[in-house]
Amino acid sequence: MSNLWGIVFKKELKDLFRDRKTVIMSVVLPLVLFPLLFGLIGKGVKSTTEKVTKEVKIAYVGGESSFKKFLSNVPNIKLIETKDYQEEVRKGSVYLAVVVEEDFDKKLAQDKMSDIKIIYDSESTNSQTALDVVEDIINKYKDEIVKRRLEARGIDVSILNPIDIKNEPIDKEKANQGALILTMLLPLYLIIYAITGPMAAAVDLGAGEKERGTLEPLLTTQASRMQLLFGKLLAISVMGIIGTTSSLTGLYIAFKYSMDFMGDVGLNISIGSLILIGITAIILNMIFAAVELAISIYARSFKEAQTYLSPVTIIGMIVAYGTYMMDVKSASTIMFNIPLANVSLIIKEFIIGIYNPVHIAITFAWALVYIIAAILFARYMFSKEEVVFRT
Amino acid sequence: MIEVIGLTKKFKEVTAVDNVSFKVDAGEIVGLLGENGAGKTTTLRMISTMLKPTSGTAKVCGLDLLKEPDKVRKKIGILFGGEVGLYDRLTARENIKYFADLGGLSSEEANKNIELLAEMLDMKEYIDRRVGKFSRGMKQKVAIARAIVHNPDVMLFDEPTIGLDVSSSAIVQDFILDCKKKGRAIIFSSHSMREVEKLCDRVVIIHKGRLVYDGRVEDLRREYNGEDLEKVFLRLVGDKNE
Ligand SMILES: Nc1ncnc2c1ncn2[C@@H]1O[C@H](COP(=O)(O)OP(=O)(O)OP(=O)(O)O)[C@@H](O)[C@H]1O
Ligand SMILES: [Mg+2]
């Protein structure tokens with residue numbers, strides 16, 4: 001009799017896993033979304049950039065000049081002679097036009113300033129890419145002229161660069177740029193996944209039960225409302241945790257294979273930290289599972305549940321983004337009493353290897369309070385006749 | 001076997017059920033007759049412990065529903081009309097088994113009962129298919145099996161034939177008569193005197209939450225000299241409207 005919640009739990013999980021929509025939304029989609037997105041964007045950006053930089057077609061406007069010679073010696077630059085360069089740029093048949101003034105060389109020879117005008121299309125990514133390339137070339141040319149002018153006066157070029165900045169991390173072992181990125185992103189993602197992961201399941205097991213008309217027979221079984229609630233809550237939490245896991249896996253794959261920015265940044269997290277982060281993620285999922293189930297029980301139908309749940313998502317995301325830039329090192333103990341912010345901060349601490357027992361105790365104690373409060377809220381909803389039999 | 005004692009339910013300003021008392025014996029089918037909003041569903045929900053009475057109580061097999069709701073639930077099977085609530089993604093067997101498990105049956109007992117019911121209701125062919133694509137009649141059988149898998153002594157039917165075609169209605173009606181044969185106490189709510197006439201031994205008519213008639217169908221017929229009972233019902237209810 002006491003394990004009736006276990007029967008509920010098993011049935012609900014089986015039911016959820018047979019729902020293609022739920023499985024796709026909370027398992028498959030998170031797993032493939034980021035790799036696909038990153039892959040596509042990465043590839044797209046790369047291929048257009050490659051296309052432009054392989055042969056930068058630019059219109060040269062103006063007479064013969066030393067700059068024209070310099071430009072035509074750059075291997076991937078293709079100069080195109082044209083009259084109506086503005087039209088050509090607009091059409092995109094050249095990426096941009098370089099307009100060099102008539103007495104360019106004469107002015108340079110007199111140590112005066114010369115103008116180069118670049119006409120480009122601010123709405124075209126190709127033109128933007130070409131602009132970067134051409135600006136680089138002009139800068140190089142400029143440096144060369146500066147060097148020549150200084151040398152003519154017998155001055156060393158280094159006079160232009162009086163200070164050389166060298167960054168050195170306090171602790172070279174831990175020079176851990178990956179961890180810094182992670183302290184910003186991981187809490188954010190974990191909170192968002194904990195909100196979105198259990199949602200489909202919560203809607204189905206709360207409002208769905210009402211809408212299908214299975215709630216009445218269920219309430220006349222030997223299972224108490226608390227047992228029903230507990231079994232459902234556990235099933236929803238499991239879906240949430242699976243969702244978080246597959247989202248993180250997807251994200252990891254995306255970073256690893258589609259982009260290169262994870263590759264050369266050092267990242268070392270201890271197993272202990274990973275376990276603590278995992279526990280925190282599970283707790284986060286349970287909190288939101290309970291809140292979402294309570295709201296879903298209150299709702300009359302799937303639609304209503306979805307409507308009520310969207311503000312929860314938004315509020316959660318606002319708080320999550322609010323903690324995005326928060327710096328752990330300067331966080332005071334009081335801040336570990338702020339809902340969600342404390343979870344975010346404790347994850348940040350775990351990532352960089354701080355295990356402050358006071359912070360951990362406060363955060364986990366609060367988490368326990370939230371979970372119990374959310375369960376009591378759900379139970380209250382489930383025991384109210386007006387809610388259960390709302391028509 | 002069922003004894004309803006001064007049952008009353010108030011929802012804020014509405015009194016849905018007002019001091020209703022009646023009895024149902026074993027092997028007896030009692031029709032609970034009333035117009036829309038008369039309080040039939042509310043009465044049955046109270047007897048099945050889903051709603052708490054504002055006052056009054058009911059006893060099921062001698063168990064008071066206020067004092068021992070868990071034990072009462074074990075004795076009761078419900079089949080409520082409207083949308084047959086089944087889990088579409090589970091098979092018929094899994095649907096029934098879930099309620100057997102939650103009814104506290106052992107696994108052997110549950111499986112034995114399910115086999116018997118599959119035989120009785122002629123569901124063997126599709127018992128291991130998911131119910132999502134079942135016809136209304138097939139679903140109805142699954143719902144029946146679910147309601148009775150824990151062998152309840154008391155069956156509560158709330159307009160179980162609503163929205164069913166003739167053959168599906170017949171399945172339900174046969175099932176009700178079969179329950180009677182097995183000595184169960186049955187309450188059957190309806191707003192159709194015809195159906196009540198066909199199935200019930202006694203009829204309890206409620207109107208706006210109040211009991212207006214409680215007696216044998218034959219007595220009712222005799223009292224009104226063989227007049228059409230549908231008209232008798234309207235008159236009984238109409239009298240109170242004034
Ligand atoms: N949960 C509820 N909250 C408020 N009022 C309710 C609730 N349930 C029922 N009522 C009211 O109680 C009265 C009786 O309703 P009930 O559903 O018991 O009638 P019924 O006889 O089953 O009617 P029907 O034939 O339409 O099913 C109605 O006036 C209804 O509006
Ligand atoms: Mg009703």
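Me: Which strands of chain B does helix 5 of chain B lie across?

Reply: In this predicted model, helix 5, residues 136-148 of chain B, lies across strand 6 and strand 7 of chain B, and helix 5 runs at about 160° to strand 6 of chain B.

Me: What is the order of the strands in the open sheet of chain B?

Reply: As a general idea, strands of a sheet pair through backbone hydrogen bonds, either parallel or antiparallel. Here the open sheet of chain B has 6 strands in the order 6-7-8-3-9-10, and its pairing is mixed. Strand 6 and strand 10 (210-216) of chain B are the edge strands, each pairing on one side only, while neighbouring strands of this sheet are turned by 15° against each other on average, direction ignored.

Me: In which sense do strand 9 and strand 10 of chain B pair?

Reply: Strand 9, residues 202-207 of chain B, pairs with strand 10 of chain B in the antiparallel sense over 6 bridges, and B:Arg202 stands opposite B:Arg216 in strand 10 of chain B.

Me: How many residues does the contact take from chain B and from chain A?

Reply: Chain B gives 29 residues to the contact and chain A gives 25 residues, and the area buried between the two chains is about 2,700 Å², with 56% of that area coming from carbon and sulfur atoms.

Me: How many salt bridges are found across the interface of chain B and chain A?

Reply: Across this interface there are 7 salt bridges, including the one between B:Arg89 and A:Asp204, whose closest N and O atoms are 2.7 Å apart. On the side of chain B that touches chain A, the largest share, 5 residues, comes from helix 3 of chain B.

How values were computed:
Residues numbered from 1 in each chain as written. Chains lettered and ligands numbered in written order. Predicted model: local features only at pLDDT ≥ 70, side-chain atom pairs only at ≥ 80, totals over all residues. Heavy atoms only, no water. Contact = heavy atoms within 4.5 Å. Buried area = accessible area lost by both parts, 1.4 Å probe. Salt bridge = Lys/Arg side-chain N within 4 Å of Asp/Glu carboxyl O. Helix = DSSP H or I, 4+ residues; strand = E, 2+ residues; numbered from the N terminus. Pairing = 2+ DSSP bridges. Axes fitted to C-alpha atoms, helices over the stretch in contact; angles between N-to-C directions.
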